Amino acid sequence: MTLLCSEASPSEDPEGAVGEVSRHCNLRMAYMKQDHLKALGPFFDTSPFVYITDRFKYGYDGDLQKRLMEPEDEEEADRRKALAKEHGKYGNQVAELVSRTKMGSTLAYEVRWEGLDDPKQNTVETISKLKAMGLDKVVIACDERIAAKAAGLDQKPLTRREVVRHCEAFGIDEEMCCNRQIRGFSAGQKVRLSLAAMFWTKPHLIAVDEPTNYLDVETVEALAKALTMFRGGILMIEPKTDFVERICNEKWHMEDGTITVEKLKNGAKRQA
C-alpha cells in the first residue's frame, strides 16, 4: 500500500534495475495508514480545528508533502546525494520544484537548486532526469500541490464554520471540533478525525489501511455506507471480509511476487 501511494521507494531487482510507480500528474490521492494516529501526536494538545487548519493552511496536504519530500531513511538520503553529484547542477541537490510545464509531450519541472537561491539559476528539467536523480516522490509532491490549486483547494476557506461543517459529517460536533483537545478523544473519535482530514482535499482515490480499527458497530455501518456512495476509487486493506464485500468489487491476492485479481460476485455496485 505504501509503495502504491508513492511513500516508499521501489526496490532493485537482481540485475540492478529499479522498479517504478507511475501515476497521473493530476491525481489527488489520500492515504490513511494503519498507524495514522501517530500523525495526530504533535497536535494532541490542540483541537481538531487547529489540526485541520494547520495541516491544510496552504490548500494542499502539508502532512503528505512532508512524507513525500523527506527521504524515508538514511539510505535514500545518501542515494539522493550521490545521484545529485552525478546529475545535479554543479553537483547540488534539488531544493524545490517550483512549477510544471511541458516540453513537447514530456513533463518538465522548474528546479531551484540547493545553494543557488538566485531564480536566474533555476533550470527546467524533464521528469525522466528527476526520476534518474531518485526524486520520484518529490515530483509527486509537486504534482499534488498543482492539482490542489487546480481544484481550487487553495481558495477553500479554513473558517470555523467550514471546518465544523466538514467535521460534523464524520461525527465530530462543534464542541469537540473547536473546544476539546485531541488527547482526550477516544481511539474511535481519533479515527473519525483522521477520516475527516483525509477527505478535506476531495481526493479522486483513497487508500485506507484497516479503517475499521477502533470503530464501534454503528460507526462501521456508517463508514460502509459512506464508502459505497463515494464516487472516487478505493484501495483498501481490511481483515473483515464482510466489510470488504459490502464495498469492494475485487480482491487482489499477492503471492510469490505476483498479483492475481479476483472479481467479487457479491452484487456490490458502488456509485463510481
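Reader: How do the residues lining the largest pocket of this model divide into nonpolar, polar and charged?
Author: The lining has 15 nonpolar, 5 polar and 4 charged residues, where Ala, Val, Leu, Ile, Met, Phe, Trp, Tyr, Cys and Pro count as nonpolar, Asp, Glu, Lys and Arg as charged, and the others, Gly among them, as polar. The model is predicted: local features need pLDDT of at least 70 and side-chain atom pairs 80 or more, while totals for chains, interfaces and linings use all residues. Residues are numbered from 1 along each chain as its sequence is written, and side-chain values use heavy atoms, without hydrogens and water.

Reader: What makes a space a pocket?
Author: On a 1 Å grid over the protein atoms alone, a pocket is an open set of points with protein on both sides within 12 Å along at least five of seven lines. The largest pocket holds about 830 Å³, the space filled by probe spheres (1.4 Å probe) set on its points, joined across faces, edges and corners. It is lined by 24 residues, and Lys 251 and Trp 252 are among the closest to its centre; a lining residue has an atom within 4 Å of a point.

Reader: Which strand gives the largest share of that lining?
Author: β7, with 5 residues; strands are DSSP runs of E, at least two residues, numbered from the N terminus.

Reader: Why are β7 and β8 called paired?
Author: Pairing takes at least two DSSP bridges, and β7 (residues 250-255) and β8 (residues 258-263) have 6, in the antiparallel sense, so they are paired. Lys 251 stands opposite Glu 262 in β8. The two strands form a hairpin with 2 residues between them.

Key:
Helix = DSSP H or I, 4+ residues; strand = E, 2+ residues; numbered from the N terminus.
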